[in-house]
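Me: I would like to go through the terms used for this model one at a time, setting each value against its definition.

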Amino acid sequence: MSTITIDLVTDLKSNLNMILTENNRLAAAIDFSQVAGLIPFIQDADRIFVVGAGRTGLALKAAAMRLMHLGFTVFVAGETVTPAIRNNDLLIAGSGSGTTGNIVKAAEKAISVGAKVITISTSLESPLAKLSDHVAILPAAQKQDHGATISKQYAGSLFEQSVSLLTDAIIQTLWQMDGTPAEKLWKRHANLE
(Lines give C-alpha, C1' and ligand atoms only; values in the text may rest on other atoms or scores of the structure.)
Protein backbone atom coordinates (compact mmCIF):
# COMPACT_ATOMS: atom_id res chain seq x y z
CA MET A 1 0.00 0.00 0.00
CA SER A 2 1.48 3.33 -1.04
CA THR A 3 1.29 6.34 1.19
CA ILE A 4 0.76 9.78 -0.28
CA THR A 5 2.16 12.60 1.81
CA ILE A 6 0.00 15.70 1.84
CA ASP A 7 -0.34 18.82 3.91
CA LEU A 8 -3.65 18.03 5.62
CA VAL A 9 -4.52 21.63 6.47
CA THR A 10 -3.88 22.83 2.92
CA ASP A 11 -5.68 19.84 1.41
CA LEU A 12 -8.76 20.25 3.63
CA LYS A 13 -9.00 23.95 2.84
CA SER A 14 -8.56 23.28 -0.88
CA ASN A 15 -11.20 20.57 -0.88
CA LEU A 16 -13.73 22.69 0.99
CA ASN A 17 -13.15 25.54 -1.46
CA MET A 18 -13.62 23.13 -4.39
CA ILE A 19 -16.91 21.86 -2.89
CA LEU A 20 -18.19 25.40 -2.30
CA THR A 21 -17.14 26.46 -5.82
CA GLU A 22 -18.99 23.50 -7.34
CA ASN A 23 -22.12 24.29 -5.31
CA ASN A 24 -21.98 27.96 -6.31
CA ARG A 25 -21.58 27.01 -9.99
CA LEU A 26 -24.52 24.61 -9.70
CA ALA A 27 -26.68 27.23 -7.93
CA ALA A 28 -26.00 29.70 -10.76
CA ALA A 29 -27.26 27.12 -13.28
CA ILE A 30 -30.53 26.22 -11.51
CA ASP A 31 -33.78 27.20 -13.20
CA PHE A 32 -35.45 28.75 -10.17
CA SER A 33 -38.81 28.95 -11.95
CA GLN A 34 -38.78 25.13 -11.81
CA VAL A 35 -37.99 25.26 -8.11
CA ALA A 36 -40.67 27.88 -7.44
CA GLY A 37 -43.15 25.48 -9.07
CA LEU A 38 -42.60 23.05 -6.17
CA ILE A 39 -43.92 25.45 -3.55
CA PRO A 40 -47.67 25.39 -4.39
CA PHE A 41 -47.62 21.58 -4.21
CA ILE A 42 -46.13 21.77 -0.72
CA GLN A 43 -48.59 24.44 0.44
CA ASP A 44 -51.65 22.62 -0.94
CA ALA A 45 -50.88 19.12 0.37
CA ASP A 46 -52.89 17.58 3.19
CA ARG A 47 -49.78 15.68 4.29
CA ILE A 48 -46.24 15.45 2.92
CA PHE A 49 -44.12 12.33 2.50
CA VAL A 50 -40.44 12.35 1.50
CA VAL A 51 -38.50 9.56 -0.17
CA GLY A 52 -34.89 9.25 -1.22
CA ALA A 53 -32.08 6.73 -1.00
CA GLY A 54 -28.71 7.08 0.68
CA ARG A 55 -27.42 10.59 1.28
CA THR A 56 -30.23 12.09 -0.79
CA GLY A 57 -32.65 10.40 1.58
CA LEU A 58 -30.80 11.90 4.54
CA ALA A 59 -31.04 15.38 2.98
CA LEU A 60 -34.78 14.90 2.53
CA LYS A 61 -35.16 13.71 6.13
CA ALA A 62 -33.55 16.99 7.20
CA ALA A 63 -36.01 18.86 4.97
CA ALA A 64 -38.90 16.90 6.50
CA MET A 65 -37.83 18.04 9.95
CA ARG A 66 -37.86 21.69 8.91
CA LEU A 67 -41.22 21.32 7.15
CA MET A 68 -42.57 19.91 10.41
CA HIS A 69 -41.17 22.93 12.25
CA LEU A 70 -43.14 25.12 9.83
CA GLY A 71 -46.32 23.26 10.82
CA PHE A 72 -46.70 20.79 7.95
CA THR A 73 -47.64 17.18 8.66
CA VAL A 74 -44.64 15.29 7.30
CA PHE A 75 -43.57 11.65 7.13
CA VAL A 76 -40.48 9.81 5.88
CA ALA A 77 -41.29 6.87 3.60
CA GLY A 78 -40.09 3.59 5.03
CA GLU A 79 -40.16 4.59 8.70
CA THR A 80 -42.15 2.27 10.94
CA VAL A 81 -44.62 4.98 12.01
CA THR A 82 -45.29 6.30 8.51
CA PRO A 83 -48.97 5.92 7.58
CA ALA A 84 -50.39 5.08 4.16
CA ILE A 85 -50.22 7.85 1.60
CA ARG A 86 -53.61 8.90 0.26
CA ASN A 87 -55.50 11.26 -2.02
CA ASN A 88 -54.48 14.94 -1.62
CA ASP A 89 -51.12 14.02 -0.06
CA LEU A 90 -47.76 14.90 -1.60
CA LEU A 91 -44.69 12.75 -2.18
CA ILE A 92 -41.42 14.67 -2.47
CA ALA A 93 -38.94 12.37 -4.19
CA GLY A 94 -35.22 12.92 -4.59
CA SER A 95 -33.13 10.87 -6.99
CA GLY A 96 -30.19 12.00 -9.08
CA SER A 97 -30.74 9.35 -11.74
CA GLY A 98 -34.50 9.10 -11.36
CA THR A 99 -34.20 5.35 -11.80
CA THR A 100 -33.80 4.08 -8.22
CA GLY A 101 -36.31 1.23 -7.97
CA ASN A 102 -37.86 1.84 -4.56
CA ILE A 103 -38.28 5.56 -5.27
CA VAL A 104 -39.96 4.93 -8.63
CA LYS A 105 -42.24 2.37 -6.95
CA ALA A 106 -43.11 4.87 -4.20
CA ALA A 107 -44.09 7.41 -6.87
CA GLU A 108 -46.22 4.81 -8.67
CA LYS A 109 -47.98 3.95 -5.40
CA ALA A 110 -48.56 7.62 -4.59
CA ILE A 111 -50.13 8.23 -7.99
CA SER A 112 -52.31 5.13 -7.68
CA VAL A 113 -54.04 6.60 -4.60
CA GLY A 114 -54.39 10.13 -5.97
CA ALA A 115 -51.39 11.77 -4.32
CA LYS A 116 -49.19 14.27 -6.14
CA VAL A 117 -45.49 13.65 -6.80
CA ILE A 118 -42.77 16.28 -7.08
CA THR A 119 -39.18 15.38 -7.77
CA ILE A 120 -35.70 16.81 -7.42
CA SER A 121 -33.40 15.13 -9.95
CA THR A 122 -30.73 15.60 -12.60
CA SER A 123 -32.90 14.34 -15.46
CA LEU A 124 -36.26 15.14 -17.01
CA GLU A 125 -36.14 11.92 -19.03
CA SER A 126 -36.06 9.40 -16.18
CA PRO A 127 -38.91 7.07 -15.18
CA LEU A 128 -39.35 9.07 -11.95
CA ALA A 129 -39.50 12.41 -13.76
CA LYS A 130 -42.11 11.07 -16.18
CA LEU A 131 -44.29 10.01 -13.23
CA SER A 132 -43.98 13.37 -11.49
CA ASP A 133 -46.40 16.27 -11.45
CA HIS A 134 -43.44 18.65 -11.31
CA VAL A 135 -39.65 18.26 -11.50
CA ALA A 136 -36.87 20.60 -10.40
CA ILE A 137 -33.56 19.83 -12.08
CA LEU A 138 -30.24 20.16 -10.29
CA PRO A 139 -27.48 20.16 -12.94
CA ALA A 140 -25.19 17.88 -10.92
CA ALA A 141 -23.34 14.70 -11.72
CA GLN A 142 -25.15 11.43 -11.18
CA LYS A 143 -23.53 8.84 -8.90
CA GLN A 144 -22.34 6.76 -11.86
CA ASP A 145 -20.62 9.74 -13.55
CA HIS A 146 -16.94 9.09 -12.92
CA GLY A 147 -15.61 11.48 -15.58
CA ALA A 148 -15.17 14.44 -13.20
CA THR A 149 -16.46 16.79 -15.89
CA ILE A 150 -19.33 18.10 -13.73
CA SER A 151 -17.86 17.42 -10.31
CA LYS A 152 -14.52 16.36 -8.89
CA GLN A 153 -16.30 14.88 -5.88
CA TYR A 154 -17.03 11.18 -5.47
CA ALA A 155 -20.27 9.70 -6.79
CA GLY A 156 -23.34 11.89 -6.33
CA SER A 157 -21.90 14.13 -3.62
CA LEU A 158 -22.64 17.38 -5.46
CA PHE A 159 -26.26 16.35 -6.07
CA GLU A 160 -26.74 15.30 -2.46
CA GLN A 161 -25.26 18.55 -1.15
CA SER A 162 -27.38 20.61 -3.52
CA VAL A 163 -30.57 18.77 -2.47
CA SER A 164 -29.81 19.81 1.10
CA LEU A 165 -29.09 23.42 0.16
CA LEU A 166 -32.04 23.70 -2.22
CA THR A 167 -34.55 22.30 0.27
CA ASP A 168 -33.21 24.71 2.89
CA ALA A 169 -33.80 27.57 0.41
CA ILE A 170 -37.36 26.31 -0.20
CA ILE A 171 -38.01 26.10 3.54
CA GLN A 172 -36.56 29.57 4.12
CA THR A 173 -38.91 30.92 1.43
CA LEU A 174 -41.91 29.10 2.92
CA TRP A 175 -41.01 30.51 6.33
CA GLN A 176 -40.78 34.05 4.96
CA MET A 177 -44.16 33.60 3.26
CA ASP A 178 -45.69 32.28 6.49
CA GLY A 179 -44.16 34.84 8.84
CA THR A 180 -44.36 32.69 11.97
CA PRO A 181 -41.84 33.94 14.53
CA ALA A 182 -38.90 31.64 15.28
CA GLU A 183 -40.00 31.45 18.93
CA LYS A 184 -43.27 29.82 17.86
CA LEU A 185 -41.52 27.40 15.51
CA TRP A 186 -39.18 26.43 18.36
CA LYS A 187 -42.16 25.02 20.29
CA ARG A 188 -42.39 22.31 17.58
CA HIS A 189 -38.70 21.42 17.93
CA ALA A 190 -37.96 17.96 19.31
CA ASN A 191 -37.71 18.00 23.11
CA LEU A 192 -36.90 14.31 23.69
CA GLU A 193 -33.31 14.73 22.59
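Reply: Two strands pair if DSSP finds at least two bridges between them, where strands (E, at least two residues) and helices (H or I, at least four) are DSSP runs numbered from the N terminus. This is a predicted model, in which local features need pLDDT of at least 70 and side-chain atom pairs count only at pLDDT 80 or more, while totals for chains, interfaces and linings use all residues. Residues are numbered from 1 along each chain as its sequence is written, and side-chain values use heavy atoms, with hydrogens and water left out.

Me: What makes S1 and S2 a pair?
Reply: Strand S1 (residues 48-52) is joined to strand S2 (residues 74-76) by 3 bridges, and the two run parallel; because the definition asks for at least two bridges, they pair. Within S2, Val-76 stands opposite Val-50.

Me: How many bridges join S1 to S3?
Reply: There are 5, to strand S3 (residues 90-95), again in parallel, and Ile-92 is the bridge partner of Val-50 there.

Me: Why is Gln-153 called buried?
Reply: Its relative accessible area is 12%, and buried means under 20% (exposed is over 50%, partly exposed in between, with a 1.4 Å probe and protein chains only), so Gln-153 qualifies as buried.

Me: Which side chains make polar contacts with that of Gln-153?
Reply: The side chain of Glu-22 does so at 2.8 Å and that of Gln-161 at 2.7 Å; a polar contact is a pair of N or O atoms within 3.5 Å, where within protein one must be able to donate a hydrogen and the other to accept it, and residues adjacent in sequence count only if both atoms are side-chain atoms.
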